[in-house]
Amino acid sequence: MLLDLACGSLPPGRFRMTQDQIATVWVNDPKWSASASRQSIWAQWHEAAAALRAVVPVCAAWVGGSFLSQEMEPKDIDCVWIVDEGLLDEVRQDPDARQYISLFANGLIRRDDMRVDCRIMHWRPRPGIEMEDARDQDYAMWRGYWDDFWQRVRNGPEGAPRTRAETLPRRGYVEVVLDGFPE
């Protein structure tokens, strides 16, 4: 791996890693042996991935937040599941599947002990850079939104007024390919 992750932090940007690489750096490294939360949060991420993948193939996941930091006890793991829009549209034809997908898409899969904060972003295959229709524009907007979001760091407590420093790219996030992007 080209990144020096000995410190456990990522520089700004998106980095591709495997699930095993994430576990090596942020779960199984001896420096986390005193953590009461990292093993269970990572297990819950796998549980959430399996649950969503039972309904629809997941191209990849963007993972970030305090879990990919030096916090000994992160509150949760943040994740955006990337799903092919054609498959998502197909699966949403079933009312039960649509409701289940909605829970993931809107960050509502939480139960009292669940510490996976997630959303769904549709992936739209676009061979060029032209915006051909409103769906292209929607896709580009959300992709940019999440890329920008993952690189920001809150300075103060939740609910505190935002500062200019919070707009700067100060951390990275990881893309984990799960079922792959359809060709």
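Me: Where does aspartate 78 lie?

Reply: Aspartate 78 lies in strand β3, residues 77–84; strands (E, at least two residues) and helices (H or I, at least four) are DSSP runs numbered from the N terminus. This is a predicted model, in which local features need pLDDT of at least 70, side-chain atom pairs count only at pLDDT 80 or more, and totals for chains, interfaces and linings use all residues. Residues are numbered from 1 along each chain as its sequence is written, and side-chain values use heavy atoms, with hydrogens and water left out.

Me: Is aspartate 78 buried or exposed?

Reply: Buried means under 20% relative accessible area, exposed over 50%, and partly exposed in between (1.4 Å probe, protein chains only). Aspartate 78 has a relative accessible area of 15% and is therefore buried. Contact means heavy atoms within 4.5 Å; not counting residues up to four places away in sequence, aspartate 78 touches residues including Trp62, Asp117 and Trp150.

Me: Which residues of the largest nonpolar core touch the most other members?

Reply: In soluble globular proteins, nonpolar side chains tend to be buried together. A nonpolar core is a set of buried Ala, Val, Leu, Ile, Met, Phe, Trp, Tyr and Cys residues joined through side-chain atoms within 4.5 Å. Here the largest has 38 residues, of which Ile22, Trp26, Trp45, Phe67, Trp81 and Ile120 touch the most other members. Helix α2 gives the most to this core, with six residues.

Me: Which residues form the covered face of strand β1?

Reply: In a regular strand the side chains alternate between the two faces of the sheet. In β1 (residues 13–16), Gly13 and Phe15 form the covered face, Arg14 and Arg16 the uncovered one.
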